Amino acid sequence: EESFTDHSNFLRTRPRYAFLFDLNKTDYRSWALGLKKAGYATNPNYAQLLIDLIEKMQLMQYDLVDENGLKNLVQHSKPIPKQHLDEKVVKQIIKYK
């Protein structure tokens, strides 16, 4: 939790990323494209890889839960089956971040 907070604070306090916080926090596509625009990753395909990963793993479902319900959802959610993880996409995102 501290790592997430630190990373958010890092992005929020850097002028090159500050504009992202004007976006809707559940608009993952705009966030991904905004990160690309701000130069967050060196991979020119980073935004699309991130969008594809979010959609493939249906991570947007967690945007529907309020802050109080998140822990409850996470504790009761089923793990994503390994066959649904696209290792190539995950490795590309990690490698070029």
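**Overview of the protein**

Guide: Of the 97 residues of the protein, 24% count as buried. Please keep in mind that this is a predicted model.

Visitor: How many helices and strands does the protein have?
Guide: There are six helices and zero strands in the protein. Read from the N terminus on, the elements run α-α-α-α-α-α.

Visitor: And what share of the contacts with a separation of 6 or more comes from residues 24 or more positions apart?
Guide: Such residues account for 39% of those contacts in the protein.

Visitor: Let us turn to a pair of helices. How are two packed helices described?
Guide: Two packed helices are described by the angle between their axes and the distance between the axes.

Visitor: What are the values for α3 and α4, then?
Guide: The axes of α3 and α4 cross at roughly 155° and come within 8 Å.

Visitor: Which residues of α4 are buried?
Guide: The buried residues of α4 are Y46, A47, L49, L50, I51, L53 and I54.

Visitor: Back to α3. Is G34 buried or exposed?
Guide: G34 has its place in helix α3. Its relative accessibility is 5%, so G34 counts as buried, since the cut-off for buried is under 20%.

Visitor: What does G34 touch, neighbours within four places in sequence aside?
Guide: With those neighbours left aside, G34 is in contact with F19 and L20. The C-alpha atoms of G34 and F19 are separated by 8.3 Å, and the two residues are 15 residues apart along the chain.

Visitor: And S30, where does it lie?
Guide: S30 also lies in helix α3. With a relative accessible area of 26%, S30 is partly exposed.

Visitor: Which side chain does the side chain of S30 make a polar contact with?
Guide: The side chain of S30 makes a polar contact with the side chain of D27, at 2.6 Å.

Visitor: Now the loops. Where is N43 found?
Guide: N43 is found in the loop between α3, residues 28-37, and α4, residues 46-56. N43 is buried, with a relative accessible area of 7%.

Visitor: What lies 2.7 Å from a polar atom of the N43 side chain?
Guide: The backbone nitrogen of N45 lies at that distance from a polar atom of the side chain of N43.

Visitor: One more loop, please. What follows α4?
Guide: α4 is followed by Q58, whose phi is positive. Q58 lies in the loop between α4 and α5, the latter being residues 67-76.

Visitor: Why point out the phi of Q58?
Guide: Most residues other than glycine have a negative phi. Q58 has a positive phi of about 55° although it is not a glycine.

Methods: Residues are numbered from 1 along each chain as its sequence is written. This is a predicted model: local features need pLDDT of at least 70, side-chain atom pairs count only at pLDDT 80 or more; totals for chains, interfaces and linings use all residues. Side-chain values use heavy atoms; hydrogens and water are left out. Helices (H or I, at least four residues) and strands (E, at least two) are DSSP runs, numbered from the N terminus. Buried means under 20% relative accessible area, exposed over 50%, partly exposed in between (1.4 Å probe, protein chains only). A polar contact is a pair of N or O atoms within 3.5 Å; within protein, one must be able to donate a hydrogen and the other to accept it, and residues adjacent in sequence count only if both atoms are side-chain atoms. Axes are lines fitted to C-alpha atoms, for helices over the stretch in contact, and angles run from 0 to 180 degrees between N-to-C directions. Contact means heavy atoms within 4.5 Å.
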